[in-house]
Amino acid sequence: MFTLRNCFVALCLVASSAPAYARDYHYSDAHLHFVDFFQESDGMANLLKAMDAGDIDHVMISGIPVAKKWHENEPKRPRYYAGDDAPVYWYSATDVVVAAALKELNEEQRRRFHPFLSGFNPNDKNADAHIRRMLDLDPGLWQGLGEVFTRHDDVTALTEGDTPRANNEALTRVYHLAAEFDLPVMLHSNITSKRERNPLYLAELEEPLRNHPHTRFIWAHAGTSMELHRHQEKLEFLLPTVSRLLDDYPNLYIDLSWTMLRPYLMDEAGVPDKDWLALIERHPTRFMIGTDVVGRFDGLAENIHAFDPFLDALPEPVAHQVARENFLAVLPRKSHQK
């Protein structure tokens, strides 16, 4: 006999076997390089196609501030900056390449891109004057500065000239200019070296955070890098350090691009880390995700969707903020276009 109770049990069984509700995310890629270390790119048409395939509504788009030299003594062109011992050098034309690609777009396409100016030498106290000239050449084009390369393991070792520091005098001038023009600054500043298991270089980041409260800083990869992972695996001091910095400095934002995905946000089995989830819930407006692709866009959709299991473990409103809204909110007020 099919009673009301049987009906209820049947409905429960159907519900329990049905797939969980899949959230419909749209994304802002908060860290994307239009070119690679040879200043080459798959091009804007391929980028737009990849963005559409990945439900990526907006991207931070920048060049790369250095170019890899093909040394006279090398018979084969290297494929990456670490391909041989030839140096990299500061390359200002990277911004010209990005600007030219954006100017080919129609207005609807253009609204999806948020260009950051990166082609300046952070050791040069002329850098702020150069940036000012670039802003004057294309009024309203640039919406941020960076990725600024300071401590960057092998990139630092290969860069011609002195090692940049996030707290040097040249960048102090740049931070003042950023505040003047309401531009966020994305900094790559490794938290430590390949061998020191302590926040060796943290003071270089913390000093500008403290001294420039009116400048918004986006810390690329929260100070991590793949080279650090190769030598040190997981930095246990990273989470408490990031937590303290967020409490102390309201002008700090965290870019969770690819080197943060593992081993920090998720373990090798894809299980989200409860402590990072709790930190993001405590500071729901301060985190953003990015792919950090360099000039090649065929894996863009896969890279951004790799964050989905972590996002799914957050409360849904917070997940949507991290996936899309927080990056847009850190841009200059006049450029907020959703």
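This is a predicted model: local features need pLDDT of at least 70, side-chain atom pairs count only at pLDDT 80 or more; totals for chains, interfaces and linings use all residues.

Student: Okay, which residue is the bridge partner of Leu117 in strand 6?

Tutor: That's Leu145.

Student: And how many strands form the open sheet, and in what order?

Tutor: There are 8 strands, in the order 1-2-5-6-7-8-9-10, and the pairing is parallel. Strand 1 and strand 10 (287-288) are the edge strands, each pairing on one side only.

Student: Is strand 2 mostly covered or uncovered?

Tutor: Mostly covered: 7 of its 7 residues are buried.

Student: Switching to helices. Which residues of helix 2 are buried?

Tutor: Helix 2 spans residues 44-53, and its buried residues are Met44, Leu47, Leu48, Ala50 and Met51. They cover an arc of only 165° around the axis, so they sit on the same side of helix 2.

Student: What's on the other side of helix 2?

Tutor: Ala45, Lys49 and Ala53, which are exposed there.

Student: And what covers the buried residues of helix 2?

Tutor: Several elements, including strand 1 (27-33), strand 2 (56-62), helix 3 (94-103) and strand 5 (113-117). Helix 4 (107-110) and helix 13 (300-305) are also among them. One more detail: just after helix 2, Asp55 takes a positive phi of about 60°.

Student: Let's talk about the core. How many residues are in the largest nonpolar core?

Tutor: It has 89 residues. Those with the most contacts inside that core are Met44, Leu47, Ile61, Phe113, Trp219, Trp276 and Leu311. There's also a second, separate core of 12 residues, which includes Ala220, Phe327, Val330 and Leu331.

Student: What does Leu311 touch?

Tutor: Leaving out residues up to four places away in sequence, Leu311 touches Arg23, Tyr25, Tyr27, Ile289, Ala319, Val322 and Ala323.

Student: Where is Leu135, and is it buried or exposed?

Tutor: Leu135 is in helix 5 (residues 127-137). It counts as buried because its relative accessibility is 11%, and the cut-off for buried is under 20%. Setting aside neighbours within four places in sequence, Leu135 is in contact with Trp142, Leu177, Phe181 and Leu183.

Student: How many residues apart are Leu135 and Leu311?

Tutor: They're 176 residues apart in sequence, and 36 Å apart in space, C-alpha to C-alpha.

Student: What about Glu204, why does it count as buried?

Tutor: Because its relative accessibility is 9%. Glu204 is found in helix 8 (residues 202-211), and a polar contact of 2.7 Å joins its side chain to that of Arg151. Not counting residues up to four places away in sequence, Glu204 touches Arg151, Arg165, Ala166 and Asn167.

Student: Last one: which residues does UniProt list for a domain?

Tutor: An unreviewed UniProt entry lists residues 29-326 as "domain: Amidohydrolase-related". Over residues 29-326 the chain is 39% helix and 14% strand, with the end C-alpha atoms 11 Å apart.

Methods:
Residues are numbered from 1 along each chain as its sequence is written. Side-chain values use heavy atoms; hydrogens and water are left out. A nonpolar core is a set of buried Ala, Val, Leu, Ile, Met, Phe, Trp, Tyr and Cys residues joined through side-chain atoms within 4.5 Å. Buried means under 20% relative accessible area, exposed over 50%, partly exposed in between (1.4 Å probe, protein chains only). Contact means heavy atoms within 4.5 Å. UniProt positions are given in the numbering used here, feature names are shortened, and annotations may be inferred rather than shown by experiment. Helices (H or I, at least four residues) and strands (E, at least two) are DSSP runs, numbered from the N terminus. The arc is that of the directions from the helix axis to the C-beta atoms. A polar contact is a pair of N or O atoms within 3.5 Å; within protein, one must be able to donate a hydrogen and the other to accept it, and residues adjacent in sequence count only if both atoms are side-chain atoms. Two strands pair if DSSP finds at least two bridges between them.
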